Amino acid sequence: MNERNKIIGKIDWLTVLIYLALVMVGWFSIFSAKYDEMHPNIFDLSQVYGKQLIWIGASLLAGFVVLLIDAKFFNVFSLWVYVVVLVALFFVLVYGKATKGAVSWIDLGAGVKFQPSEFAKMATALALAGYLDRLDVDLGKLKNRLAVYAIVLTPMALVLLQNDTGSALVFVSFVFVFYREGLPGAGLVMLAGAVAALLFVLTLVWSQKVMYIVLGSLMALTLLFQILFTKRRHILSAVAVFVVMFGFVFSVDYAFDNILQEHQRNRILVLLGQLDDPKGVGYNVHQSKIAIGSGGLQGKGFLQGTQTKFDFVPEQHTDFIFCTVGEEGGFKGTAAVVLLYMALLIRLVALAERQRSTFSRVYGYGIAGIIFVHFAINIGMTIGVVPVIGIPLPFLSYGGSSMLAFSIMLAIFVKQDANRLNIL
Amino acid sequence: MAIYIAVGVVFLFRLFSLQVVDKKYKALADNNALRYVTQYPARGKVYDRNGELLVFNEAVYDLMVVPRQTVVKDTLSPLYPFDTLGFCQLLDIDKASFVERMQKAKKESYVKPSAFMTQVPKEDYAHIAEVLYRFPGFFFQTRTVRHYPQVIAAHTLGDIGEVSKGEMERDEYYKMGDYIGKSGIEKSYEKELRGEKGLKVVMVDVHNREMGSFDNGSLDRDPVAGKDIYLGMDATLQAYGERLMRNKVGSIVAIEPATGQILAFVSSPTYDPNLLVGRERGKHFQELMKDPMKPLINRAVSGSYPPGSTFKTVVGLIAMQSGSITPATCFHCSGLGSMPIKCTHSHGSSPNFANAIMNSCNPYFYESFKATINNPKFGGVKKGYEYWKEMTMKLGFGQKFGTDIPSELGGNIPSREYYDKMYGGQWNAVTIRSLGIGQGEVLATPLQLANIAATIANEGYYYPPHLIKAFGDGTPLPEVMTTKMETGIEQRHFKVMKAGLRTVFNGPAGTARRYEMNDIAQCGKTGTAQNPHGNNHSLFIAFAPAEDPKIAIAVIVENSGYGATWAAPIASLMIEKYIRGHVERPELEKRMMEGVVIYKKER
């Protein structure tokens, strides 16, 4: 009894409250999105909102159990959790069920399906934290660096093989961890990534020819500047950087046409305004923007959305749940949700920084990154600033695996944080 | 951490501009419900070979309902609560019917329109539409039904009806209340005739008034009209054939030999195709179903008849091709005393093939059949029979043509295995002798009989008979209809056959000599088929003119006796009507039209 009281007193209630607020917003939004006057009871277990309630209950229970488990357990068993999830991912590849083009489900029977990729993110964060926590690991050593890459890239590759590009993309979030832990080049990788994304977009918008001219002029200017105004000239490295950029631009068209799949190409072109087809491939985003945009400042009120009631927005209760928030809650609602996420992320980073053990810190940064990527891609997609990539909005979207995985993931960190003072 | 905040702030700005600054989206959705109105395309029209209109569309009105919109929650609204009683009075239905229709619509979709009442008559439409604004969730949708200006060719044209559950499951194109071809060419050319549905999304305010199209019609899709179809049928000839067959049971099939197009496709008794249109369709359909004369059956393709003596053409051709007989072969005939098949015609032994055809000599063709399957070159009667069956099928028997004629049957040419089983392997030419004269197990449809006439007219080949002549937009016809089918029998044998068939009309003992015309050279063959249903069927196959055949025809009049009594004169009149455009034998015409040959079945 004493022990439990201690835990309740020590856990970070702010995080828990934000979590509960998001979960409630999600549940009511799902109810509203799927509302059907023939089934007006939010507790109706035959409807998706009733099912979501079951998942919320299961998640709270799982979170509570996690809080009761000894904090060291997760460090000790992190590798085993990771291995189990890898096996599950592999199993899905062989026996999985295809849903909307992605093979990512295991059918557990009795209508329950399970999506290991949702748990893979958490397991990877655990494994990474567990590995970096080892005393003999030093990121200055090549061997250790390779091991770190392997930990992240293996599940990412398996998820990618399931054709679930969105979930695979989430693993990129571990670059934040690398940056914080001082992995050499992590900052450079982020910068290069940003430049590459910029070049990619500009090439598609302006065409390769224009980009050659732009890059050429930029290179000339840079060299000129160096020759005229600097003493320490890095002409060779500057040229090398530009050559790489030229090569990148050169390969964009090829990669775009041959590596990306057609729906991915179309989604990118719609986002960039290169393809205007509100009835076809741009349909989701167009409808999603109408739904959110029509909410106005105040919103139309709970259950009063018109766009959502006509099944305009596909995947309304899963990937596009934010539309319901936008239409019925208006800017007040969307701002509240965005602020809740920002508060959660900032709080998680702050908590991570106050950890004494490498394990807790790395894990904290890891899950903050995961939640952030989900948040950025999902909301960005619904408001048309990111191409359509089907990943759920944490704690809000309908879906048992996602709800359970995110809840357990968060609970583990809350437990670590509550236990921080016990670590010497 | 900075990037987290940056992205969050970017989102906030973007959301602010999307939701508060930009009024465009608000206007698109505010306070409006959307209504999806299906735009039905005009179904393709059907013409005959000369461009005469056979089927066109007439506007009707379907009353649609969106169940969700009928629920008025605003107690201050003048439309609250929904006036069920007034609505029932308006439509002249009772409350139970209202509830039932509503349940059905809700089951279909709660938020999308479903048909509440289909094909509201034009007279009712006007006064209902006037006050419909009082009943939220209801609106009219215009669509068209088929109309048949000429009351002919019901079996060929077919009908359309509401899609069944199974049809909706098989093809997602169809929604509840949609129409689909149920029989005839409406069925076989459903995809071409129907066109593509369009969609109009309109905004509707809380008072059930249309407020214009949604998002400037960006989601709207124009309907694509169905293709028109030109049939090979000659409407005048078809109408004439139906008049000749009145008060008789049977069928007429006329084919243009050069193309395989069907010129006339009569099945008697027939019915008015307009009966199967509109709200009474179900009732009329039930009545026609119950009619003991079975008018809904298309006897031209769904009737299987023993071909009788008309089949002697097939037996003779195969016998000549296999070298088992020559045009000069003579077989002995003892008339009624012939064994094992007696001859129903009293004549001397036929000195040659043409004479045997003219006299329709049973022993001659039994001997020819026997000579064929016993021909030593096949090495045994069973091998010989297999050859015979193969050749018969090449002539179009024992299988479907598989073109565009629905509910087509393939007739029957028994297999060797069938006889092996039937007779325990012990059988020979004598056992299956009735095949030689078109009796026994052999069954053919009138279409197959018309086709053999066309094949002889063409002297060796045919095009699979089909109803269509062309699509209105010039789409080429399916290959199956334009593929020349070779029979594997040399032309010289057909020439002999043709000469024989000519003597049926102009020979001194020709079975159809009474119907010879001076200026149109007809060739034909009578048939009088024994059958288990009563009196003999009267059959006749023919084509004309002999040297440049324009029409090949088969006529069957059930249970009416000799081929020469009914089928032959009807065929001859059809030929005259088609080639001359009018008939110069008024007495014969009158006798045929007024003749009543309905054999009462004893059951």
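**View 1. Lining of the largest cavity, by residue class and by element.** In this predicted model, the lining of the largest cavity divides into seven nonpolar, two polar and seven charged residues. The cavity has a volume of about 220 Å³. Its lining comprises 16 residues, and the closest to the cavity centre are Tyr40(B), Pro41(B), Arg43(B), Tyr179(B) and Arg194(B). Two elements of chain B give two or more residues to this lining, strand E5 (138-147) and helix H10 (190-194). E5(B) provides the largest share, four residues.

View 2. A search of the whole structure for cavities of 30 Å³ or more finds two. Domain 1 (33-231) and domain 2 (235-594) of chain B each supply at least three residues to the lining.

**View 3. Crossing of helices H16 and H17 of chain B.** The axes of H16 (residues 362-373) and H17 (residues 381-394) come within 7 Å and cross at roughly 110°. Because angles of 65 to 115 degrees count as roughly perpendicular, H16(B) is described as roughly perpendicular to H17(B). On the H16(B) side, the contact is made by Phe369(B), Thr372(B) and Ile373(B). H17(B) contributes Val381(B), Gly384(B), Tyr385(B), Tyr387(B) and Trp388(B). By class, six of the contact residues are nonpolar and two are polar, with no charged residue.

**View 4. Positive phi at Ser407(B).** Ser407(B) is not a glycine, yet its phi is positive, at about 50°. The residue sits in the loop between H17 and helix H18 (416-422) of chain B. H17(B) is also one of the two helices whose axes cross at roughly 110°.

**View 5. Cis peptide bond between Ser268(B) and Pro269(B).** The bond joining Ser268(B) to Pro269(B) is cis, with omega about 0°. Pro269(B) lies in the loop between strand E12 (261-268) and helix H12 (281-290) of chain B.

**View 6. Cis peptide bond between Ala544(B) and Pro545(B).** Ala544(B) and Pro545(B) are joined by a cis peptide bond, with omega about -15°. Pro545(B) is found in the loop that runs between strand E17 (534-544) and strand E18 (551-557) of chain B.

Technical notes
Residues are numbered from 1 along each chain as its sequence is written. Chains are lettered from A and ligands numbered from 1 in the order in which they are written. This is a predicted model: local features need pLDDT of at least 70, side-chain atom pairs count only at pLDDT 80 or more; totals for chains, interfaces and linings use all residues. Side-chain values use heavy atoms; hydrogens and water are left out. Axes are lines fitted to C-alpha atoms, for helices over the stretch in contact, and angles run from 0 to 180 degrees between N-to-C directions. Angles under 35 degrees count as roughly parallel, over 145 as roughly antiparallel, 65 to 115 as roughly perpendicular and the rest as oblique. Contact means heavy atoms within 4.5 Å. Ala, Val, Leu, Ile, Met, Phe, Trp, Tyr, Cys and Pro count as nonpolar, Asp, Glu, Lys and Arg as charged, and the others, Gly among them, as polar. On a 1 Å grid over the protein atoms alone, a cavity is a set of points where a 1.4 Å probe fits but cannot get out, and a pocket is an open set with protein on both sides within 12 Å along at least five of seven lines; lining residues have an atom within 4 Å of a point. Grid points are joined across faces, edges and corners, and a volume is the space filled by probe spheres set on the points. Domain bounds come from an automatic or database domain assignment.
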